[in-house]
Amino acid sequence: MSSKDWIEKDYYAALGVDKSASSDEIKKSYRKLARESHPDHNPGDAGAEERFKTVSEAYAVLGDEKKRREYDEMRSLFGSGAFRRGARGAGQPGGAPFDVSDLFGGGAGGGGDARFGGGGGFTDLFSTIFSGGGAGGGARRPGPARGRDVEAEVALDFSDAVRGVTLPLTLRAPGVCDTCHGNGAKPGTTPVTCPVCHGAGVTTRNQGSFSFSEPCRNCQGVGTIVEEKCPECHGTGGVTKTRTLTVRFPAGVADGQRIRLAGRGEPGERGGPAGDLFVHVKVRPDELFGRTGDDLTLNVPITYAEAVLGTDLRVPTLDGTVTLRVPPGTPAGRVLRARGKGVVRNDGRAGDLLVTLDVVVPAKVSDEARAALETFAAQTPPAAREHLDARVRRFS
């Protein structure tokens, strides 16, 4: 994207957020709009694909704090209209052209503020903004541009997330046209040098006592013109491609985790590096096991008799079984630990299996069982409720 895009395009409106929106609000809006307009969800819908490109371009700027700050500054500078040709100044009913050097104490023939390098300082500033050059400006063709990052979402089974798994991931994203290899020209032809900017990609305009550079409108800042367009990409040099990547999810990957694959995003422009692929992981819940960090959790029901008398429990793990000893007199809610039976990391460290015991009280019992319980109750000391009974007596 060019500096001209930053001036003309309202990225906040594209994402449907206010200028004061937080980073989280911008990210949330982008994800919603990207899902709604993604080409995979709207096959054959050119309008949806264009909306997807628009919101992706907007998020590439507003999602980066540095770029967002630069974008806001540029929009504030040029949105005020102070630098439009023929702008009228206060107390100038005749419409005398506004001289930007007046802002820094210099008149029409003055040298300007020394902090901006004299009369040419503001020209250098404009050259820096539009051409990416340093002090001293000078129009030059834009250099290599890094490709945009790509986001994808993958749902994993619980056991695959714990053990780790390798899965194919299919993506639809812009890529370099295989027919013209990205130059946009029909096979057998080549782009020609732009006759307006002579291949520089930018043009310089004089306006009053200053001048500034901007992307060449004839070639859109590329520096070349495609006379015979590629029949596949129609001169753009890029097409929407479907590609399949093999992604390795490490053992212990958690729900909500984001995995970065460097260089697997969109290809760069003019020889620039590719962007990154960020894979958001969603883990499907398991019917038996839960997870807390590297520990697995499991609820196991036991009878009242097992809690009182004690027992040996054989419980499942992800890859087998383990036997746990329930001591006599175990209360409901007690947690037993099977060490090393949790999530095993790639470095060999493992969490534990935490088994929570749930004492089941039957809703109905036989006459024999009731008689046995009554005998048991008669021979068992009452529960220690003295502290509660004392409070009850205060209200009696």
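## A guided look at a predicted chain

A338 is found in strand β14, which covers residues 335-338. Helices (H or I, at least four residues) and strands (E, at least two) are DSSP runs, numbered from the N terminus. This is a predicted model, in which local features need pLDDT of at least 70 and side-chain atom pairs count only at pLDDT 80 or more, while totals for chains, interfaces and linings use all residues. Residues are numbered from 1 along each chain as its sequence is written, and side-chain values use heavy atoms, leaving out hydrogens and water.

**The whole chain**

- The chain holds 10 helices and 15 strands.
- Of its 396 residues, 33% are buried; buried means under 20% relative accessible area, exposed over 50%, and partly exposed in between (1.4 Å probe, protein chains only).
- Among contacts (heavy atoms within 4.5 Å) with a separation of 6 or more, 62% join residues 24 or more positions apart.

**A338 and its surroundings**

- A338 has 6% relative accessibility, so it counts as buried.
- Not counting residues up to four places away in sequence, A338 touches V322, L324, D352 and L353.
- A338 and V355 are 17 residues apart along the chain, and their C-alpha atoms are separated by 7.8 Å.

**The nonpolar cores**

- In soluble globular proteins, nonpolar side chains tend to be buried together.
- A nonpolar core is a set of buried Ala, Val, Leu, Ile, Met, Phe, Trp, Tyr and Cys residues joined through side-chain atoms within 4.5 Å.
- The largest nonpolar core here has 39 residues, and those with the most contacts inside it are L156, L169, F249, L277, V315, L353 and V355.
- A second, separate core has 15 residues, including V17, Y30, F52 and V61.
- Back in the largest core, L353 has contacts beyond its neighbours within four places in sequence, among them F289, V315, L336 and A338.

**Two helices side by side**

- The axes of helix α3 (residues 23-37) and helix α4 (residues 46-62) come within 9 Å and cross at roughly 160 degrees; axes are lines fitted to C-alpha atoms, for helices over the stretch in contact, and angles run from 0 to 180 degrees between N-to-C directions.
- That crossing makes α3 roughly antiparallel to α4, a label for angles over 145 degrees.
- Residues of α3 including I26, Y30 and L33 are on the side that meets α4, where the partners include F52, V55 and Y59.

**Aromatic pairs**

- How many aromatic pairs does a search of the whole structure find? There are 4.
- Rings of Phe, Tyr and Trp (its six-membered ring) pair if their centres lie within 6.5 Å; planes under 30 degrees apart count as stacked, over 60 as edge-to-face and the rest as tilted.
- Y304 and F376 form an edge-to-face pair, 6.2 Å centre to centre with 90 degrees between the planes.
- Y304 lies in helix α8 (residues 304-309) and F376 in helix α9 (residues 367-378), so this pair ties together parts that are 72 residues apart in sequence.
- Y304, at 42% relative accessibility, counts as partly exposed, and F376 does too, at 33%.
- Y11, Y12 and Y71 are linked into a cluster by ring pairs.

**Around strand β4**

- T203 lies in strand β4 (residues 202-207) and, at 17% relative accessibility, counts as buried.
- H198 lies in the loop between β3 (192-193) and β4.
- Is H198 buried or exposed? At 64% relative accessibility, H198 counts as exposed.
- Most residues other than glycine have a negative phi.
- H198 is not a glycine, yet it has a positive phi of about 55 degrees.

Conventions
Angles under 35 degrees count as roughly parallel, over 145 as roughly antiparallel, 65 to 115 as roughly perpendicular and the rest as oblique.
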